[in-house]
Amino acid sequence: HMSVRNNIAFPLKRAKVAPEVIDEKIASAAKILNLTDYLDRKPGQLSGGQRQRVAIGRAIVRQPSAFLFDEPLSNLDASLRVNMRLEISELHKSLNTTMIYVTHDQVEAMTMADRIAVFNGGVIEQVGTPLELYQHPVNRFVAGFIGSPKMNFVPVDTQSDGCCEMGVRPEHLTISNESGVWQGKVGVIEHLGSETFLHVHLADIGTLTVKADGDCAVQYGDEIYLNVLDSKVLRFDAQGTTIGRGFSEPGSSTTVTSESDTAQL
């Protein structure tokens, strides 16, 4: 029954904050959240995303000792979601306040967090900085969750070190017209301007996603070869635990390992 202005002001009025301070805080929050033109509207006149921004504004003006965000950007359109991600990150730095942020969007987690806790079925799989989780995932679940597009997983015959599967990220595969460890046919091509994602079909493995340059000249149906950056390949045992690094072609017992990377895991 209250306007956007009164909704944001409500906790401040209850705290008996001076009216001029309230007006200043409302104006500041509305500017951050792109709500300046909606301050006199009622909830029924707002979209779901706008209502969500009002709730964030009501929290911001209180300047609490900790923020608890539960997927605050889920109802926003794509462009506004990017802007709000930056604004919340800027707010975090300027207020120097603890923020616990729940999200299913790994891009939000990677770009906004100082530390990430990855949950799976109520169990914490790993806690670390975004780069720690990206570079040194402890298991297959974390490796597949962090990174966009997702990591490719390639089954291999069980090897002497217990490796049953390899994981290689799209950015760690390169294409060639002459030779490579795998040969496949190009399927769907996603041109994003600065980069291109190729979905390459391999006869005995399945479809692998490859990240290429934006001006990649490959066409649908082309036969190409794929090469792998050996030191970037993750190795997983039958339980999905990361056991080291190094590439081994499926069906081969030859393995390239990186002791330094293995020691960090």
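Which residues touch the most other members of the largest nonpolar core? They are Met84 and Ile88, in a core of 26 residues. The model is predicted.

**The two cores**

Nonpolar side chains tend to be buried together in soluble globular proteins. Take isoleucine 88 as an example. Leaving aside residues up to four places away in sequence, isoleucine 88 touches Phe69, Leu73, Met99, Tyr101 and Met112. A second, separate core has 21 residues, including Trp182, Leu208, Val228 and Phe247.

**Helix H3**

Helix H3 is 13 residues in length. From its first C-alpha to its last, H3 reaches 19 Å, close to the 18 Å expected at 1.5 Å a residue. The buried residues in H3 are Gly49, Gln50, Gln52, Arg53, Val54, Ile56, Gly57 and Ile60. What covers them? The cover includes H1, H2, E1 and H4.

**A parallel pair**

Strands of a sheet pair through backbone hydrogen bonds, either parallel or antiparallel. E1 and strand E2 (residues 98-102) take the parallel sense, over five bridges. In this pair, leucine 68 stands opposite isoleucine 100. Between the two strands, the chain crosses through H4. This β-α-β crossover is right-handed.

**An antiparallel sheet**

Elsewhere, five strands form an open sheet. Their order is E7-E11-E8-E9-E10, and the pairing is antiparallel. At the edges lie strand E7 (173-176) and strand E10 (206-213), and each pairs on one side only. From one strand to the next, the twist averages 45°.

| Strand pair | Bridges | Residues standing opposite |
|---|---|---|
| E8 and E11 | four | glycine 184 and isoleucine 224 |
| E8 and E9 | five | isoleucine 189 and leucine 198 |
| E9 and E10 | eight | valine 200 and leucine 208 |

Leucine 208 also belongs to the second core. E8 and E9 form a hairpin with three residues between them. In that turn, glycine 193 has a positive phi of about 95°. E9 and E10 also form a hairpin with three residues between them.

Is strand E9 (residues 195-202) mostly covered or mostly uncovered? Strand E9 is mostly covered, with six of its eight residues buried.

Most residues other than glycine have a negative phi, and most peptide bonds are trans. Some places in this model depart from that pattern. Asparagine 34 has a phi near 55°, a positive value in a residue other than glycine. Asparagine 34 sits in the loop between H2 and H3.

Glutamate 71 is not a glycine either, yet its phi is positive, at about 45°. Glutamate 71 lies in the loop between E1 and H4. Glutamate 71 counts as partly exposed because its relative accessibility is 26%.

Where is the cis peptide bond that involves proline 149? This bond runs from serine 148 to proline 149, with omega near -5°. Proline 149 is in the loop between helix H7 (140-145) and strand E5 (152-155).

Conventions
Residues are numbered from 1 along each chain as its sequence is written. This is a predicted model: local features need pLDDT of at least 70, side-chain atom pairs count only at pLDDT 80 or more; totals for chains, interfaces and linings use all residues. Side-chain values use heavy atoms; hydrogens and water are left out. Two strands pair if DSSP finds at least two bridges between them. Axes are lines fitted to C-alpha atoms, for helices over the stretch in contact, and angles run from 0 to 180 degrees between N-to-C directions. A nonpolar core is a set of buried Ala, Val, Leu, Ile, Met, Phe, Trp, Tyr and Cys residues joined through side-chain atoms within 4.5 Å. Buried means under 20% relative accessible area, exposed over 50%, partly exposed in between (1.4 Å probe, protein chains only). Contact means heavy atoms within 4.5 Å. A crossover is right-handed if, with the strands pointing away from the viewer, the path from the first strand over the helix to the second runs clockwise. The expected span of a helix is 1.5 Å times one less than its number of residues.
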